[in-house]
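The questions below concern a ligand site and the space around it. Look at the sequence and the structure, then read on.

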Amino acid sequence: MKKLSLKDRFHHWRRKMRWNRQYKKGKWDYLNNDREHLRYQQIVDYINKYSLKTPTILDLGAGEAVLNTKFNPEDYTHFYNVDFSKASIQNAKAKNLSKSTSLVADIHTFNPDQTYDVIVFNEAYYYVHDMLRQDVLNRFIKKLNPNGLLIVSIYREGLDCWEVIDANPNLEKTEFNIVKTDREQTYWKVGAYRLK
Ligand SMILES: C[S@@+](CC[C@H](N)C(=O)[O-])C[C@H]1O[C@@H](n2cnc3c(N)ncnc32)[C@H](O)[C@@H]1O
């Protein structure tokens with residue numbers, strides 16, 4: 001895998017510290033509001049439509065596990081929330097979500113032993129360093145079970161992200177939607193992909 005320079009690693013660490021501070025201050029509490037709910041709902045809909053009845057789900061950059069809370073525990077076998085911010089994972093754990101594991105790990109290096117039916121990058125892929133986007137995507141594609149589903153949600157245009165995902169020779173696009181809201185400038189592009 002490509003390695004970040006010392007300077008980039010330093011900036012990455014600083015960003016992680018910033019996320020921790022913001023989660024401690026409650027800056028991301030608004031993700032629970034009705035407007036944001038629309039994008040989580042799109043992800044839930046894709047999973048209901050295209051995945052197994054009770055999938056194992058890995059949410060990368062899961063924050064405080066808001067997506068996890070949008071499901072009934074009967075609807076999944078196990079839900080894994082992964083984020084590099086300790087503060088967000090503490091808040092996720094405090095929710096005591098059933099059949100769920102919340103883990104502090106960095107998407108740049110996280111390399112789980114197991115495979116999953118669904119892997120989600122929900123407002124997280126564009127935080128992956130651009131030099132590592134290809135490697136990270138390929139690593140997690142290998143963690144999908146046969147017929148597994150990759151779901152990516154990106155705020156507004158997501159420049160330099162969709163290009164990488166759409167060009168991946170191992171993925172085929174299953175569905176792609178733009179989730180619009182009452183605010184013209186607030187929208188998300190949400191794609192569902194399968195292994196070819
Ligand atoms: C905009 S928040 C989205 C949180 C969550 N996916 C949601 O939509 O509710 C982006 C999240 O990505 C996490 N993140 C950013 N870079 C990361 C990395 N390299 N490894 C793990 N998590 C990362 C941040 O800590 C933050 O929780």
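Q: How much space lies in the largest pocket?
A: This is a predicted model, in which local features need pLDDT of at least 70, side-chain atom pairs count only at pLDDT 80 or more, and totals for chains, interfaces and linings use all residues. Residues are numbered from 1 along each chain as its sequence is written, and side-chain values use heavy atoms, without hydrogens and water. A pocket is an open set of points, on a 1 Å grid over the protein atoms alone, where a 1.4 Å probe fits, with protein on both sides within 12 Å along at least five of seven lines. With volume taken as the space filled by probe spheres set on the points, joined across faces, edges and corners, the largest pocket holds about 570 Å³.

Q: Which residues that line the largest pocket are the closest to its centre?
A: Lining residues have an atom within 4 Å of a point. There are 32 of them, and the closest to the centre are W19, G61, E123, A124 and Y127.

Q: Which element gives the most to the lining of the largest pocket?
A: Helices (H or I, at least four residues) and strands (E, at least two) are DSSP runs, numbered from the N terminus. At least two lining residues come from each of α1, α2, α3 (66–69) and β2 (78–83). The top contributor, with 4 residues, is α1.

Q: Which space does the ligand take?
A: A molecule sits in a pocket if more than half of its atoms lie within 2 Å of its grid points. The space taken by the ligand is the largest pocket.

Q: How far is an oxygen atom of the ligand from an N or O atom in the side chain of D83?
A: A polar contact is a pair of N or O atoms within 3.5 Å. A ligand nitrogen atom lies 2.7 Å from a backbone N or O atom of G61. For the ligand oxygen atom and the D83 side chain, the distance is 2.6 Å.

Conventions:
A polar contact is a pair of N or O atoms within 3.5 Å; within protein, one must be able to donate a hydrogen and the other to accept it, and residues adjacent in sequence count only if both atoms are side-chain atoms.
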